[in-house]
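Visitor: Can you walk me through the charged pairs in this one? I'd like the cut-offs along with the answers.

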Amino acid sequence: MYIKVRHDFFDKENDLRLVKKGEVMNVSAERGKQLISLRLAEETKEPDKEDRKATVG
C-alpha cells in the first residue's frame, strides 16, 4: 500500500525516523491503515520512480 504523509511525525516503528509531509511511502496494509486512522497519512497511487522516497515494511 502506498501512502502520502499529511504531517511531519517521528515514526516509532522505524527508529524514530522523521517522516516529512508529502513523502510517499510503501508500507504494509496494516501499517497504512494505522497511519491513515491517525490522520498522519492518506492512501495514494503508486508513485513514479523519481517520486518514491522510502519503502517501509
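**Salt bridges and burial**

Guide: Glutamate 13 counts as exposed because its relative accessibility is 58%; exposed means over 50% relative accessible area, buried under 20%, and partly exposed in between, with a 1.4 Å probe and protein chains only. This is a predicted model, in which local features need pLDDT of at least 70 and side-chain atom pairs count only at pLDDT 80 or more, while totals for chains, interfaces and linings use all residues. Residues are numbered from 1 along each chain as its sequence is written, and side-chain values use heavy atoms, leaving out hydrogens and water.

Visitor: Which side chain does glutamate 13 meet in a salt bridge?

Guide: That of arginine 31, at 3.6 Å, N to O. A salt bridge here is a side-chain nitrogen of Lys or Arg within 4 Å of a carboxyl oxygen of Asp or Glu. Glutamate 13 sits in the loop between S2 and strand S3 (17-19) and arginine 31 in helix H1, so the bridge ties together parts 18 residues apart in sequence. Helices (H or I, at least four residues) and strands (E, at least two) are DSSP runs, numbered from the N terminus.

Visitor: Is arginine 31 buried or exposed?

Guide: Buried, because its relative accessibility is 10%.

Visitor: What else is arginine 31 linked to in the network?

Guide: Asp11, Glu13 and Arg31 form a network of salt bridges. The bridge between arginine 31 and aspartate 11 has an N to O distance of 2.3 Å. That pair links distant parts of the chain, with arginine 31 in helix H1 (residues 29-37) and aspartate 11 in strand S2 (residues 9-11), 20 residues apart. Aspartate 11 counts as buried because its relative accessibility is 2%.

Visitor: How many salt bridges are there in the whole structure?

Guide: Three. Among them is the one between glutamate 23 and arginine 17, at 3.2 Å, N to O. Glutamate 23 is buried, at 8% relative accessible area, whereas arginine 17 is partly exposed, at 28%.

Visitor: Switching topic: in what order do the elements run?

Guide: From the N terminus on, β-β-β-β-α-β-β. That comes to one helix and six strands.

Visitor: What share of the contacts with a separation of 6 or more is between residues 24 or more positions apart?

Guide: 57%, where a contact means heavy atoms within 4.5 Å.
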